[in-house]
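Please examine the sequence and the structure shown here. The report that follows is written for a reader who is new to describing proteins.

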Amino acid sequence: MVNREKIVVLVDVDGTLASRYHGGVRKIRPSTLDALRALSEYAEVFLWSIAGSENGQRLLEEFPELEDYVSGSYGKRNFPKDKFDKVYCIDDEEIDEEVLSENHIILNDSYDGGEDNGLLLKAVKLIINWIVNDGV
Ligand SMILES: [Mg+2]
């Protein structure tokens with residue numbers, strides 16, 4: 001039996017869920033809502049960003065429909081990982097030590113608008129498989 005409260009999935013913002021700002025507006029990967037909803041059935045989901053907690057917070061203000069599936073937003077250096085038994089991450093870049101030191105999936109793609117190539121949902125399926133098969 002999976003104990004949902006002890007499992008967390010940390011999802012990067014820029015390039016993973018959201019495009020850069022173009023003319024003051026950014027887009028989200030079309031599968032973002034489905035991805036966060038699916039993850040939230042198995043884990044607590046937080047946004048995190050090397051740019052700080054404000055970045056994910058702003059994303060939730062821009063796309064309030066995501067709020068139901070996200071527990072909060074952190075800077076990558078500030079997430080309290082020690083409160084969780086299992087930490088999984090999804091990111092678009094193999095850069096941040098905070099990501100690489102946990103179970104992580106790096107999307108082979110940085111989203112910057114346009115169609116969805118399905119990679120985010122693939123990553124979500126893999127992580128759910130890990131969660132279900134690892135237990136805690
Ligand atoms: Mg990124």
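This is a predicted model: local features need pLDDT of at least 70, side-chain atom pairs count only at pLDDT 80 or more; totals for chains, interfaces and linings use all residues.

## The nonpolar core

The largest nonpolar core consists of 33 residues. Within this core, Val9, Leu10, Leu39 and Ile127 have the most contacts. At least two core residues come from each of β1 (7-12), α1 (32-40), β2 (44-49), β4 (86-91) and α4 (119-134).

When neighbours within four places in sequence are left aside, leucine 10 is in contact with Phe46, Trp48, Phe79, Val87 and Cys89.

## The pairing of α1 and α4

How are α1 and α4 oriented to each other? Their axes come within 9 Å and cross at roughly 5°. An angle under 35 degrees counts as roughly parallel, and α1 and α4 are therefore roughly parallel to each other.

On the side of α1, the contact is made by Asp34, Ala35, Ala38 and Leu39. On the side of α4, Leu120, Leu121, Val124, Ile127 and Ile128 take part. Sorted by class, this contact of α1 with α4 has eight nonpolar residues, one charged residue and no polar residues.

## Glycine 118

Glycine 118 is found in the loop between β5 (103-106) and α4.

Glycine 118 and serine 31 are 87 residues apart along the chain, and their C-alpha atoms are separated by 7.5 Å.

Technical notes:
Residues are numbered from 1 along each chain as its sequence is written. A nonpolar core is a set of buried Ala, Val, Leu, Ile, Met, Phe, Trp, Tyr and Cys residues joined through C-beta atoms within 7 Å. A residue is buried if 20 or more other C-beta atoms lie within 10 Å of its own, exposed if 12 or fewer, and partly exposed in between; C-beta atoms are placed from the backbone. Helices (H or I, at least four residues) and strands (E, at least two) are DSSP runs, numbered from the N terminus. Two residues are in contact if their C-beta atoms, placed from the backbone, lie within 7 Å. Axes are lines fitted to C-alpha atoms, for helices over the stretch in contact, and angles run from 0 to 180 degrees between N-to-C directions. Angles under 35 degrees count as roughly parallel, over 145 as roughly antiparallel, 65 to 115 as roughly perpendicular and the rest as oblique. Ala, Val, Leu, Ile, Met, Phe, Trp, Tyr, Cys and Pro count as nonpolar, Asp, Glu, Lys and Arg as charged, and the others, Gly among them, as polar.
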